[in-house]
Structures are given as structure tokens and as C-alpha cells.
Amino acid sequence: MSESLSLRCSSLPLHFRCPGSARPAAVPVNATNDAAAVGTAGHDGLAGLVRTGQLDLDQTPALASKHDVDETELRTLLALGVRLWSRVRESFPNAKAEVAMKHQLGSVQLTGHADVLGSSGTVLRGLDWKLGRLDSDYREQLLGYCALALLTAPDATRAEFGVGWVRECEYEPHTMDRAGLYAWLQRVEDEIVQWDGVFRPGSHCQYCPRSHECSAANALARRDMAVLMDRDLPGRLEDLETIRELARSQPQKVV
């Protein structure tokens, strides 16, 4: 591995779809939204549940105020989280909450944050809370967590990480052994590190932190504008004067 990259497990689904998204942005952007804030608040409350074995829902107003989210929605999610944890907690002996993991693979740094991490003998088990809707494939993220766990615990022979779908009260596990680890690392090298320079835009672009400066995204936007305006679009989409001139030159409709 020669190119210097920092890969977060939570971004691996995006990186495997379009390796260009793994390259650093010239202008870093960190967008947020209400759903992300509710998720952060829910993770905060559920971390206390894992650490102490209980969750006081009377503390929900303070937690909602801390993260500036809707109290009723947060209370519902925390109650569902308690129900899910009661079903799966026996699978996570010696469980710890909010465990940061990091490993350097040559010039590539792999990082991840396990919401729950437990161990039994040579087997590691982790859980990643998901408080949104069950509508995305997080397999690559979970395999990244498995890989990190095995890389940071040389004596472990197998790792299992699962998505805890809080709203649906479902648990979706993914496992990896040492042989699977080496195969997965080779995929990272072949598919992400050794990028062929071709962008692969799609619906996943909305999650890309560098979509605002992606040449492929800009090319598609220019194409769409050209179709709507029935004109060629010279130059770059960011050329504001070109856009204004084209707008001024469009024939006005008479109503």
C-alpha cells in the first residue's frame, strides 16, 4: 500500500462504491442534520445502558436538551434500544461501550468506533447501533470493524460485528476469521488504494464529503443543466458569469 489514506469504517460502504470518495477533499465539509443529531443523542444514552446495565428514561429531557433534539422521539428510541439490548446482551460478555480502534497498514490508516465491544476467549463481538430506518447496506462497515478488531487483538481468531436496528429491534451480524481478514485487506488494496481514477457517481454521492468538488458530479450537473436549457455549457459549472450569461440569453416565455 503506497498511497496515504485514512479510512473510517463508517465510510467504507461509500469508498467501495466509489474509491474516489476516499481521497482527501481540498475544502473539507462536515454537514449535519436533525437525524444525525438524534442518532448522536441516542448513542449517548445507550452507551450508559451498556456501561451500567440500566437506562433511566427520566433523564431523557436533559439528554434531549444537551443534543437539541425532540424529547419524545428520543424517549421512544431509547426505550426501543433497551428492548433490543435485553435480547442480545448475553452475546456480548465483558462488554465495553464507545471503544475507539485504530491500526496502521503501511500508508493506510484504518479507524473505527465500536458502540459495543465484548470478548469471550478468542472471539470478539461488537455492536453498532443504528437509530435510523432499515434502508442501507452496512456490510462493508461491519466487515471493517471485524478487521480492525482482529488487527488490534492478535490472539483473537474470529470477530463478529452486528448492526443493532433499534427501530425494528433487529440484530444483523457479520463475521470474519483470520483467512477472511487477509482476503478483505486485499480487497481494500485492490479496490480502494489502487484506484483507477474513474469516479463512480450514483445515489451514494449525497453522502460523499467531497461531492462539492467532484469533477464527475460537476460533469453530470452540467449535463442536466444543458438538457434543461437546451444549450451547450462551456467551461465549469462553477463559472457563475457563464451561468448568468446563459440565463440572460434564454428566450422569455409569454404567458
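Predicted model: local features only at pLDDT ≥ 70, side-chain atom pairs only at ≥ 80, totals over all residues.
Trainee: Where is His204, and is His204 buried or exposed?

Mentor: His204 sits in the loop between helix 6 (178-193) and helix 7 (215-229). Its relative accessible area is 13%, and buried means under 20%, so His204 is called buried.

Trainee: Which residues does His204 touch, leaving out those up to four places away in sequence?

Mentor: Leu14, Arg17 and Cys18.

Trainee: Go on, then. Why is Ser21 called buried?

Mentor: Ser21 has 5% relative accessibility. The cut-off is under 20%, so Ser21 counts as buried. You'll find Ser21 in the loop between helix 1 (12-17) and helix 2 (34-52).

Trainee: What polar partners does the side chain of Ser21 have?

Mentor: One is the side chain of His15, at 2.9 Å. Another is the backbone oxygen of Cys18, which lies 2.7 Å from a polar atom of the Ser21 side chain. Both distances pass because the limit is 3.5 Å. Beyond four places in sequence, Ser21 touches Leu14, His15, Cys208 and Arg210.

Trainee: Why roll a probe at all?

Mentor: Because a probe the size of a water molecule, rolled over the atoms, shows where empty space is left.

Trainee: Let's move to helix 5. What makes Ala149 buried?

Mentor: Its relative accessibility is 1%; the cut-off is under 20%, so Ala149 counts as buried. Ala149 lies in helix 5 (residues 139-152). Setting aside residues up to four places away in sequence, Ala149 touches Met101, Leu124, Ala159 and Phe161.

Trainee: How do you know that Ala37 touches His67 and Val69?

Mentor: A contact needs heavy atoms within 4.5 Å, and Ala37 meets that with both residues. Ala37 is in helix 2. The C-alpha atoms of Ala37 and Asp68 are separated by 7.6 Å, though the two residues are 31 apart along the chain.

Trainee: What share of the chain's contacts join residues at least 24 apart?

Mentor: Of the contacts between residues at least 6 apart in sequence, 62% do.

Trainee: On to the backbone. What makes the phi of Asn94 worth a look?

Mentor: Its phi is near 55°, a positive value in a residue other than glycine. Most residues other than glycine have a negative phi. Asn94 is in the loop between helix 4 (71-88) and strand 2 (96-105).

Trainee: And why is Asn94 called exposed, while Glu98 is called partly exposed?

Mentor: Asn94 has 59% relative accessibility, and exposed means over 50%, so Asn94 qualifies. Glu98 comes out at 29%, which falls between the 20% and 50% cut-offs, so Glu98 is partly exposed. Glu98 lies in strand 2 and also has a positive phi, about 55°.

Trainee: How do you know that strand 5 and strand 6 pair?

Mentor: Pairing takes at least two bridges. Strand 5 (residues 158-165) and strand 6 (residues 170-177) have 8, in the antiparallel sense, so they pass. Trp165 stands opposite Glu170 in strand 6. Their hairpin has 4 residues between the strands, and there Cys169 takes a positive phi near 55°.

Trainee: How many helices and strands does the chain have?

Mentor: There are 8 helices and 6 strands. Of the 255 residues, 40% count as buried.

Note on methods. Residues numbered from 1 in each chain as written. Heavy atoms only, no water. Helix = DSSP H or I, 4+ residues; strand = E, 2+ residues; numbered from the N terminus. Buried < 20%, exposed > 50% of the residue type's maximum accessible area, 1.4 Å probe, protein only. Polar contact = N/O pair within 3.5 Å; in protein donor to acceptor, adjacent residues only side chain to side chain.
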